[in-house]
Amino acid sequence: MDTPPRRKKSARFVEIAALAGVSVATVDRVLNERGSVSARARAQVVAAARQLGVPRLLPDTRHGLVHIDIVLPDNRSPFFQRLNLALQRGVAMLDKRLVVHRLWTPDQDEAALLRAITQRRHQRQALIVAAPDTPAVRAALQQARARGEHIAMVVTRVDEVPDTAYVGIDNYAAGRTAGYLLGRLCRKVGRILLLSSRRDYRGHLERSRGCREVLAAQFPELECDAHSSETHDDPDKCYWAVSQAFQRGDVIAGIYNTGAGSPGIEAALRRFALDKVCWVTHEISDDHRLYMQQGLLDVVIDQDPDTQAIRALQHVLAALEMAPADASVSLAGEFRLYLPENMGQQPYLV
């Protein structure tokens, strides 16, 4: 029998050279990184090899430093502290050509946030940001995309910014989960008190909306306000909101806090609650573990800041063609449910 011709498994140098419009010797120098090739020819060869599906790690066409900004609010809640630590650990493992600038802006100072997004002291290639969804922020991020900057949003999304990645959890689904848990776990008929960090953060709006919709559809005996009390993650504001509800004589069956400030809720419950109030909140921080041990807090919905940090870095590196693309980055991250029986004991900020 005649031996069939061997099927070519990948493009040969001659095919890459023809597509790139360069010599075979140039292809050899680029792919084997022998040097003495212009930046333009190098880019042409790498682009041709990528187009032809060459199954090898291709050389980087970039020269010089690549600048990435990380812009987060100066929020001292445990969640943002842990997100910052996770980003620090991720950045430490990056290529030395990547220069990462970490910027903190006052939590409620939109002007400072806009300056961080728009005023650059370097040629920025990518941006990782947690920001409220306001017209001014939206416009600033749209301009950054128009300049060719790659953007990954953590924690909460900003709408109408094309070709960006949101790497946080599905906050609407998290809110619906909270509503379902409250409906199942509340021991009496009464009011569900909704506390929210900020109304200009889309993530908090989505959590509150999801919770409210599930309660209305499945547990109508639990009354829920049309609007959440805005607390800005401040324990004193959380204490005031809860204590005012009790002092008005409301029958509080449950509390859902979409943000931080839990010490204020804990203090108000200890002072005013005569019987069990079901409480659902976010992030498996050290104080939340303690409250669950004490029987005050029932369920924690954790959005896993470590994974959000990794997914954000993966997105910008892939967009910069410095790492393989990962299709899963375009999907919402998964959240975790913690109860007293599975909450663990490891410190939150490590």
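Okay, let's start on helix α6: the face turned away from its buried side carries two exposed residues, P135 and A146. Exposed here is over 50% relative accessible area, buried is under 20%, and partly exposed is in between, with a 1.4 Å probe and protein chains only. Before I go on, this is a predicted model, so local features need pLDDT of at least 70 and side-chain atom pairs count only at pLDDT 80 or more, while totals for chains, interfaces and linings use all residues. Residues are numbered from 1 along each chain as its sequence is written, and side-chain values use heavy atoms, with hydrogens and water left out.

Back to α6. Helices are DSSP runs of H or I with at least four residues, strands are runs of E with at least two, and both are numbered from the N terminus. The buried residues of α6 are V137, R138, A140, L141, A144 and R145. They cover an arc of only 165° around the axis, which puts them on the same side of α6; the arc is taken over the directions from the helix axis to the C-beta atoms. After the helix comes G148, with a positive phi near 95°.

Next, α3, residues 39-51. Which of its residues are buried? In α3 those are A41, R42, V45, V46, A48 and A49. Their arc is only 160° around the axis, which puts them on the same side of α3. On the other side, R40 and Q51 are exposed. The buried residues of α3 pack against α1 (13-20) and α2 (24-31). Just after α3 we get G53, with a positive phi of about 70°.

Now α4, residues 78-92. With 15 residues at 1.5 Å each, α4 should span 21 Å, and its end C-alpha atoms are 21 Å apart, which agrees. Its buried residues are F79, F80, L83, N84, A86, L87 and G90. Look down the axis of α4 and they fall within an arc of 165°, so they line one face of the helix. What covers them includes β1 (66-73), β2 and α12 (305-319).

T105 counts as buried, at 8% relative accessibility. Not counting residues up to four places away in sequence, T105 touches V71, L72, P73, D74, A112, L113 and A116.

On to the cores. A nonpolar core is a set of buried Ala, Val, Leu, Ile, Met, Phe, Trp, Tyr and Cys residues joined through side-chain atoms within 4.5 Å. The largest has 51 residues, and L83, V154 and I255 touch the most other members. Leaving aside neighbours within four places in sequence, the contacts of I255 include L182, L195, V242, I265 and W279. Apart from that core lies another, of 19 residues, among them A174, L194, L222 and I301.

L215, in helix α8 (202-218), is buried with a relative accessible area of 0%. L215 and Y180 are 35 residues apart in sequence but 7.0 Å apart in space, C-alpha to C-alpha.

Last, the rings. Phe, Tyr and Trp rings (the six-membered one for Trp) pair if their centres lie within 6.5 Å; planes under 30 degrees apart are stacked, over 60 edge-to-face, and the rest tilted. The count by this rule is five aromatic pairs. In one, Y239 and F272 have centres 6.5 Å apart and planes at 50°, so the pair is tilted. Y239 is in α9 (235-247) and F272 in α10 (262-272), so the pair ties together parts that are 33 residues apart in sequence. Y239 is partly exposed at 25% relative accessible area, whereas F272 is buried at 18%. Together with F246, Y239 and F272 form one aromatic cluster.

Notes
Contact means heavy atoms within 4.5 Å. The expected span of a helix is 1.5 Å times one less than its number of residues.
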